[in-house]
Amino acid sequence: MGLSADGKTLFLASKGLAIFDVSNVTKPELISKTIDGFISIAFSANKRTLFVAGKTFNIYNISDPHSLVLLSTTPLPTTATTITISDHKKQAYVYGYSSQGQLQTFDISDLSAPKSVNSGK
């Protein structure tokens, strides 16, 4: 879960991605909702890019929360439970669940073409 840079939009991942307008805290409004297995989210430092993981690793431009732009989709070997972006914004760490756990690292220097840089074990 996280807020946009202006604090007016809430992004929530829980078996899907839900986006709420929270500019009026007493009356949040649902902007959109998907049911696509997303479990975890992370933001770029400027909060203009949203990283979403579940059955796939997706990257969105969220400059306009009413019209997200999908930049890339990458299949994952296991369902991801956690995602973290490195401080220098060049790697995404996606942890998936399996009997032994699975950490996959992506080079995200090109948001439209993330590259796996390890075998995910």
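Ser 44 is found in the loop between S5 and S6, where strands are DSSP runs of E with at least two residues, numbered from the N terminus. The model is a predicted one, in which local features need pLDDT of at least 70 and side-chain atom pairs count only at pLDDT 80 or more, while totals for chains, interfaces and linings use all residues. Residues are numbered from 1 along each chain as its sequence is written, and side-chain values use heavy atoms, with hydrogens and water left out.

With a relative accessible area of 12%, Ser 44 is buried; buried means under 20% relative accessible area, exposed over 50%, and partly exposed in between, for a 1.4 Å probe and protein chains only. The side chain of Ser 44 reaches the backbone nitrogen of Arg 48 at 3.4 Å. Such a polar contact is a pair of N or O atoms within 3.5 Å; within protein, one must be able to donate a hydrogen and the other to accept it, and residues adjacent in sequence count only if both atoms are side-chain atoms. Leaving aside neighbours within four places in sequence, Ser 44 is in contact with Thr 49 and Phe 51, contact being heavy atoms within 4.5 Å.

The loop that holds Ser 44 also contains Lys 47, between strand S5 (40-43) and strand S6 (49-53). Although Lys 47 is not a glycine, its phi is positive, at about 60°. Lys 47 counts as partly exposed because its relative accessibility is 30%. The charged end of Lys 47 sits over the ring of Phe 43, 5.3 Å from the ring centre; for this description, NZ of Lys or CZ of Arg must be within 6 Å of the ring centre and within 35 degrees of the ring normal.

Ser 40 is buried, with a relative accessible area of 10%, and its side chain reaches the backbone nitrogen of Ile 83 at 3.2 Å. Not counting residues up to four places away in sequence, Ser 40 touches Ala 13, Phe 51, Val 52, Ala 53, Thr 81, Thr 82 and Ile 83.

Attention now turns to the sheet. Four strands form an open sheet in the order S1-S2-S3-S4, with antiparallel pairing; two strands pair if DSSP finds at least two bridges between them. Its edges are strand S1 (2-3) and strand S4 (29-33), each of which pairs on one side only. Strand S2 (residues 9-13) and strand S3 (residues 17-21) run antiparallel and are joined by five bridges. Across this pairing, Phe 11 stands opposite Ile 19 and Leu 12 stands opposite Ala 18. S2 and S3 form a hairpin with three residues between them, and Lys 15 in the turn has a positive phi of about 65°. Four bridges pair S3 with S4 in the antiparallel sense, and Phe 20 stands opposite Leu 30 in S4.

Lys 33 is also found in strand S4, and at 60% relative accessibility it counts as exposed. Not counting residues up to four places away in sequence, Lys 33 touches Leu 17 and Ala 18. Lys 33 and Thr 56 are 23 residues apart in sequence and 17 Å apart in space, C-alpha to C-alpha.

What lies inside the model? In soluble globular proteins, nonpolar side chains tend to be buried together. A nonpolar core is a set of buried Ala, Val, Leu, Ile, Met, Phe, Trp, Tyr and Cys residues joined through side-chain atoms within 4.5 Å. Of the 13 residues in the largest nonpolar core, Phe 51, Phe 57, Leu 76, Ile 83, Val 94, Phe 106 and Ile 108 touch the most other members. S6, strand S7 (56-61), strand S9 (80-85) and strand S10 (91-96) each supply at least two residues of this core, and S9 gives the most, with three residues. Apart from it lies another core, of 11 residues, among them Phe 11, Ala 13, Phe 43 and Ile 62.

The structure also holds three aromatic pairs. Rings of Phe, Tyr and Trp (its six-membered ring) pair if their centres lie within 6.5 Å; planes under 30 degrees apart count as stacked, over 60 as edge-to-face and the rest as tilted. Phe 51 and Phe 57 form a stacked pair, 6.4 Å centre to centre with 15° between the planes. Phe 51 is buried at 2% relative accessibility, and Phe 57 is buried at 0%. Ring pairs link Phe 51, Phe 57 and Phe 106 into a cluster.
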